[in-house]
Amino acid sequence: MILSKKVQQALNDTLVYHRHQKRKGTDIPYAAHPISLAVLLIDGKFSEEMVIAALLHDTIEDTSMTEEELEARYGSRVYELVMACTEKDQSEPWEKRKLHTIEKFNYLDEEVKWILLVDKLHNLYSMVEQYKVVGDELWRFFSRGYEKQKWYYSELLKNFRAYKPFKNHDLFNRFEECYKELFEE
């Protein structure tokens, strides 16, 4: 597949804006995360706007990109998708922010739900792979340890199971497998 000019621009912005960041507890560049989301969505034949939003889903939260820049570069639909994925107030306690994500799931646009699924799938997959290397040391890389992470991902799993378009979809099945491997084995 040849990436469109807009997707290439978003890929470039992802690399530039996240250039100094690493994945928690690793030397892996942070940009590998949004790029992985984009690959999952491309592979699933989702829309270009979803792919772009996945590439940019953490730029407002974690970089110097402004909301105005995002909308000017990528248009209102990508802006809406990214903003729906963005935790508005990073100063709130972790539990409150995660509870908000759980509670708002049923009210999200369908495309946002798919972006959220691949985001959480890749996070879980990365955690499983890291756990294989460092074992229980994994939990020290997070502001909240095993019990809180298990709570968060189990609540997401409940929401994902109840959402009919995810039923029997490969992306959901992979999320569930990662959840079980990390939290039930």
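**Helix packing**

Tutor: Helices α7 and α8 pack with their axes 12 Å apart and at an angle of about 140°. α7 is therefore oblique to α8 (angles under 35 degrees count as roughly parallel, over 145 as roughly antiparallel, 65 to 115 as roughly perpendicular and the rest as oblique). The model is predicted, so local features need pLDDT of at least 70 and side-chain atom pairs count only at pLDDT 80 or more, while totals for chains, interfaces and linings use all residues. Residues are numbered from 1 along each chain as its sequence is written, and side-chain values use heavy atoms, leaving out hydrogens and water.

Helices are DSSP runs of H or I with at least four residues, numbered from the N terminus. Axes are lines fitted to C-alpha atoms, for helices over the stretch in contact, and angles run from 0 to 180 degrees between N-to-C directions.

α7 passes α8 in a left-handed crossing (the near helix is turned anticlockwise from the far one by less than a right angle; clockwise is right-handed). On the α7 side, the contact (heavy atoms within 4.5 Å) is made by Leu-116, Leu-117, Lys-120, Asn-123, Leu-124 and Met-127, and on the α8 side by Gln-149, Tyr-152, Tyr-153, Leu-156 and Phe-160. By class, this contact of α7 with α8 has eight nonpolar, two polar and one charged residues (Ala, Val, Leu, Ile, Met, Phe, Trp, Tyr, Cys and Pro count as nonpolar, Asp, Glu, Lys and Arg as charged, and the others, Gly among them, as polar).

α7 also packs against α5: their axes come within 10 Å and cross at roughly 55°. That angle makes α5 oblique to α7, and the crossing is right-handed. Arg-77, Leu-81, Ala-84 and Cys-85 of α5 meet Glu-111, Val-112 and Ile-115 of α7. The residues of that contact divide into five nonpolar, no polar and two charged.

α5 in turn packs with α3 (residues 48-56), at an angle of about 95° and with the axes 9 Å apart. α3 and α5 are therefore roughly perpendicular to each other. Glu-49, Met-50, Ile-52, Ala-53 and Leu-56 in α3 meet Leu-70, Tyr-74, Arg-77, Val-78, Leu-81 and Val-82 in α5. By class, this contact of α3 with α5 has nine nonpolar, no polar and two charged residues.

Conventions
Helices (H or I, at least four residues) and strands (E, at least two) are DSSP runs, numbered from the N terminus.
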